[in-house]
Amino acid sequence: MATPTSPDAGGRTRTWVPDWPCAPGQVLRPQRRGAGDPTQRHEDSGRIWRAMRTPVGPASLCVQPRPAAGEVHGRAWGPGAEWALDRMPALLGADDDPAGFEPHHHPEVAAGWRTHRHWRIGRTGLVMESLVPSILEQKVTGKQAFGSFRELVRRHGEPAPGPVAPLRLMLQPTPETIAAIPSWEWLRLGVQPQQSRTLVTACRLASSLERVTEVSADEADRRLRSVRGIGVWTSAEVRQRALGDPDAVSFGDYHLANWVGWALVGHDITDDEMGELLEPYRPQRGRAAAMAMAGGRTRPRRGPRMSVPTHLPTR
């Protein structure tokens, strides 16, 4: 096994003192696409490594929590190092303001909020970083989507900057590279034609899509969904991660409505019913859903699982 790179090996540094008990591993977990994600590595020590394509160039960022001192240490390499460090607090949830969140409509939400009051939603500010894997996750199993994303990065991405070779940390392919991938290669990656068409379309619009970070969440939703193949679910997945939108709910998810249903009413429900249950929490419906699942009942593990398609070429 490769030895993790020392976080003291050059680069730019920053020490940030959050005003709440920040847990970087928890905040950054939704940004990772499976345990084998080549763009984000988590160490047992608590350090998290991320490879990013920032607006000013590639960057590698190492985030090291220091809970005893109440601070977070960051070290970054590459042309985008300063950008990554400047936005490290937002990445770890500093822009997420839970003020005004009223969890009293359901006792389960209130229970989740009591035990997770310091839970925050991070904001990457990078739309394509979230959009590409989200499109790969449309209507397939997590195992299949994570595998396709992992192979996409390994085959068409590039090593991240800095002394991170032992971690095999890699940058996601550029939108230009993704747009040029031929149809037969998408099949080798286990990606269905509808997904690859959506990816190519989105990558050709990458520069305009990146600008949705500059508008309201509602306008960002409208712009994302104006792209053929991007619907309610994909938009919400991107807004959660890139914008840190606390109101984004992944309607259309294979599991979410049932998880929320069991947490709040004790049985499976539809998306429409979930929308009715969460409506009192607008504009923080996404936070309410997370707190419901943290404080409510857990859905029993039974019934058939979605199977991995067998008609695609083996990776």
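Two cavities of 30 Å³ or more are present in the structure. A cavity here is a set of points on a 1 Å grid over the protein atoms alone where a 1.4 Å probe fits but cannot get out, and lining residues have an atom within 4 Å of a point. Grid points are joined across faces, edges and corners, and a volume is the space filled by probe spheres set on the points. The model is a predicted one, in which local features need pLDDT of at least 70 and side-chain atom pairs count only at pLDDT 80 or more, while totals for chains, interfaces and linings use all residues. Residues are numbered from 1 along each chain as its sequence is written, and side-chain values use heavy atoms, with hydrogens and water left out.

The largest cavity has a volume of about 90 Å³. It is lined by 13 residues, of which Gln-31, Asp-37, Thr-39, Arg-50 and Glu-129 are the closest to its centre. Two or more lining residues come from each of β3 and α5, and α5 gives the most, with three; such helices (H or I, at least four residues) and strands (E, at least two) are DSSP runs numbered from the N terminus. By class, the lining comprises three nonpolar, five polar and five charged residues. In this division Ala, Val, Leu, Ile, Met, Phe, Trp, Tyr, Cys and Pro count as nonpolar, Asp, Glu, Lys and Arg as charged, and the others, Gly among them, as polar.

The second largest cavity holds about 50 Å³ of space. Its lining includes Met-52, Leu-61, Trp-83 and Leu-126, and the elements giving two or more residues to that lining are α2 (81-86) and α3 (88-91). Seven of the lining residues are nonpolar, one is polar and one is charged.

Open space is treated separately: a pocket is an open set of points with protein on both sides within 12 Å along at least five of seven lines. The second largest pocket contains about 450 Å³ of space. Among the 25 residues lining this pocket, Arg-53, Thr-54, Leu-126, Met-128 and Glu-210 are the closest to its centre. At least two lining residues come from each of β3 (48-54), β4 (57-66), α5 (127-136), α7 (175-179) and α10 (206-210), and β3 gives the most, with four. The lining of this pocket divides into 13 nonpolar, seven polar and five charged residues.

A nonpolar core is a set of buried Ala, Val, Leu, Ile, Met, Phe, Trp, Tyr and Cys residues joined through side-chain atoms within 4.5 Å, where buried means under 20% relative accessible area, computed with a 1.4 Å probe on protein chains only. This core has 30 residues, and those with the most contacts inside it are Leu-131, Leu-152, Trp-186 and Leu-209. Beyond its neighbours within four places in sequence, Trp-186 is in contact (heavy atoms within 4.5 Å) with residues including Leu-152, Ile-178 and Val-200. Apart from this core lies another, of 22 residues, among them Ile-269, Leu-278, Tyr-281 and Ala-288.

Finally, His-73 is found in strand β5 (residues 71-77). His-73 counts as buried because its relative accessibility is 9%. The side chains of His-73 and Thr-15 are joined by a polar contact of 3.3 Å, a term for a pair of N or O atoms within 3.5 Å; within protein, one must be able to donate a hydrogen and the other to accept it, and residues adjacent in sequence count only if both atoms are side-chain atoms.

Methods:
Buried < 20%, exposed > 50% of the residue type's maximum accessible area, 1.4 Å probe, protein only.
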